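Me: Could you walk me through this one? I'd like the contacts and the packing, with the cut-offs spelled out.

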Amino acid sequence: MTSQLLTNITILVLAAFVGFEVISKVPTTLHTPLMSGTNAIHGIVIVGGLLTVGALAGGWVGTLLGTVAVIFGTINVVGGFLVTDRMLEMFKGRRPAPAPPADPAKKA
Amino acid sequence: MSVWITLAYLLAAVCFILGLRFLSSPKTARRGNVIAAVGMGIALLATAVQVTHNWEFVVLGVVVGSVVGVAGARMVKMTAIPQMVALFNGVGGGAAALISTADYLNSAGGQGPGVLIPVVFSAVVGSISFAGSMVAFGKLQEWMTGQPITYPGQQVVNGVIAVGIIGIAIFLMATSSVPPLFIAMVALGLILGVAFVLPIGGADMPVVISLLNAFTGLAAAATGFVLDNTVLIVAGALVGASGTLLTLLMSKAMGRSIANVLFSAFGSAPAGGAAVAMGAEGGTVRSGSADDVAVLLAYARSVVIVPGYGLAVAQAQHAVRELADLLEKRGVEVKYAIHPVAGRMPGHMNVLLAEANVPYEQLYEMERINPELERTDVALVVGANDTTNPAAKDTPSSPIYGMPIIEVDKSANVVVLKRSMAAGFAGVDNPLYFNPKTTMLFGDAKKSLNDLVNAVKNV
């Protein structure tokens, strides 16, 4: 057991608690964007792909696998954040009402 | 140098947490997503400065991935979001598995258990997540049947595969490098991913996607252990927590245990129990015309609309909003009741209604709307079935007994828009349709709604 490993385990456990705490505050209305957004966040594995290809020593197999991992990770990150943004853009409240002429009869 | 990189990773992790924090309200949610994306950008920059060689492969990977990602995110229809999320989730898991495999092959397995355990874990969980997500995608995209695919002894076979994986994993940790065996383990992980999702029906996909989301998060965290990278650990843990929480929430919303959802091949057999209970009721189905229903709606004081996946399939979210606007103009109070598992993933129905510009204040969760239904004049059920089935409350023999429902049978009148008398995804009959208070309006949801809009205009 190296101290680095212990530090990593500490970080993992604390981050999991922060995760539970923060996520439990998200209303059900936003659960699909939440899932899509966290989905984009785990695209962070692309960091591992970049290091595997460009920073760590390795043979051509490692480079090949790493390149595919970079492709996959980029799809995950780019697609995930964009589609989440598309969804959240649509969530609008009542006040900036999208229907211009329908105002007078509307109740609060 | 290294200090700055570590600090940049810390900043990225903080951005992820803040981003999720902002998701707690629809007002700030979009900003939250941007903050998380900025965090991702910071992490990627901090990584890019560490790249020393193979730039052509890095650029190739990023360009190809960006093109695919942008195209996918731009073109996907809102009804197809669940399979898109499954796909993005799958490639994330696949990336984690590939990185671990590359690391194992590069280092020839010559590392201590502190690295070897997370390498093995990330490779197995990542490959399960990849293959499982692809099957989930296939089911949701209807490239394959949404029905559970079962055969005798299935769970035993899956159990054997799982035991095989664990056996190889232990062997790999105990011995020196055996690359072929590592590859075999990853292959078994892929097979298990497929085999594990096959027997799960389309209606249970919300739970599966949440679970696989958690899997990918954990695989990413394990990759962080392999590379000694804190931002991977933090991000992975956040996603793992979120996926776990949503999985628990979803199975609770279906009134079943997670084990029941994952292993019981729910909805495969037509349920005999509920059919018997229905026969006893022996009621008749009353079907009405659009004009009848329009009068009912136009002179009501309060209407609660209960949308289900049928509404999404018929692309009728805009038509339903038009009808609601028309009723509101007449002074009818309109609310939408959203069951937690309406649609194909948690909160999917909210996204679809948001797309049709329904203000989110009008969307009511099940717990909030149920007490109000007693005072509601008309409950308008559009393409929802199992989530309104009173058998879940009062027929212990029903397969969906115990599932919390939107109690539309409490309101004064019920109108059900439905294509035919076919059973819902759970394959269970719905006594609601035989209730004397219920009027059925058969036909495609979009057409029926358009008919209703015209009829209400003429009332």
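Reply: Two residues are in contact if their C-beta atoms, placed from the backbone, lie within 7 Å. This is a predicted model, in which local features need pLDDT of at least 70 and side-chain atom pairs count only at pLDDT 80 or more, while totals for chains, interfaces and linings use all residues. Residues are numbered from 1 along each chain as its sequence is written, and chains are lettered from A in the order in which they are written.

Me: OK, what is B:Leu105 in contact with, leaving aside neighbours within four places in sequence?

Reply: With those neighbours set aside, B:Leu105 is in contact with A:Val61, A:Gly62 and B:Pro179.

Me: And where is the place of B:Leu105?

Reply: B:Leu105 belongs to helix H4 of chain B, helices being DSSP runs of H or I with at least four residues, numbered from the N terminus. B:Leu105 is partly exposed, because 18 other C-beta atoms lie within 10 Å; the cut-offs are 20 or more for buried, 12 or fewer for exposed, and partly exposed in between.

Me: Switching to the interface, how many residues of chain B are in contact with chain A?

Reply: On chain B, 98 residues are in contact with 83 residues of chain A. Helix H4 (residues 81-107) of chain B gives the most to that side, with 17 residues.

Me: Which elements do the buried residues of H7(B) pack against?

Reply: They pack against H4, helix H5 (113-140), helix H6 (154-174) and helix H8 (205-227) of chain B. Among the buried residues of H7(B) are B:Phe182, B:Met185 and B:Leu192.

Definitions and conventions. Helix = DSSP H or I, 4+ residues; strand = E, 2+ residues; numbered from the N terminus.
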